[in-house]
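Please look over the following structure with its charged side chains in mind.

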Amino acid sequence: MPSHYDLHLDVDPEVGDEYRGEVAIQLELATAVRRIELHGAELRVGKARIAAARGNVPARAEVRPANETMSLSLARPVGPGSVNLHSAFPGNLSDNRRGL
């Protein structure tokens, strides 16, 4: 369950329709997991990792457009407890009032 978001967006509509973003999401995990599902409509994820008590864990992102989610497969289990998801992503400004 997410408990805190720290989001940074680099957006300049006068330069073009593209933007870049970075996010850190604090998650509270009730049990150990190897996969995390997030809302991910129209996202393209660059790199993702989980910062956990036992160190950083690389994550492979798979976007699922049909159900507007993103699945992060972790190199090893993390949790239970508090972990931080770190991700960088590009995007495009949108006229459809969904996201940016």
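**Surface and salt bridges**

Q: How much accessible surface does the protein have, and what share of that surface belongs to carbon and sulfur atoms?
A: This is a predicted model, in which local features need pLDDT of at least 70 and side-chain atom pairs count only at pLDDT 80 or more, while totals for chains, interfaces and linings use all residues. Residues are numbered from 1 along each chain as its sequence is written, and side-chain values use heavy atoms, with hydrogens and water left out. By the Shrake-Rupley method with a 1.4 Å probe, where for residues only the protein chains shown count as cover, the accessible surface of the protein comes to about 6700 Å², and the share of carbon and sulfur atoms is 50%.

Q: How many helices and strands does the protein have?
A: Helices (H or I, at least four residues) and strands (E, at least two) are taken as DSSP runs, numbered from the N terminus. Read from that end, the elements run β-β-β-β-β-β-β, and the count is 0 helices and 7 strands.

Q: What percentage of the residues in the protein is buried?
A: A residue is called buried under 20% relative accessible area, exposed over 50% and partly exposed in between (1.4 Å probe, protein chains only). Of the 100 residues in the protein, the buried ones make up 28%.

Q: Which side chain meets D10 in a salt bridge?
A: A salt bridge here is a side-chain nitrogen of Lys or Arg within 4 Å of a carboxyl oxygen of Asp or Glu. The partner of D10 is reached at 2.7 Å, N to O, and the pair links distant parts of the chain, 10 residues apart, with D10 in strand β1 (residues 2-11) and its partner in strand β2 (residues 18-29).

Q: Which parts of the chain does the salt bridge between E37 and R64 tie together?
A: The closest N and O atoms of E37 and R64 are 2.9 Å apart.

Q: Which residues are linked with E37 in a network of salt bridges?
A: E37 is partly exposed at 36% relative accessibility, and E37 forms a salt bridge with R35 at 3.7 Å between the closest N and O atoms. R35 is itself partly exposed at 49%, as is R64 at 27%. The network links E37 with R35, E62 and R64.
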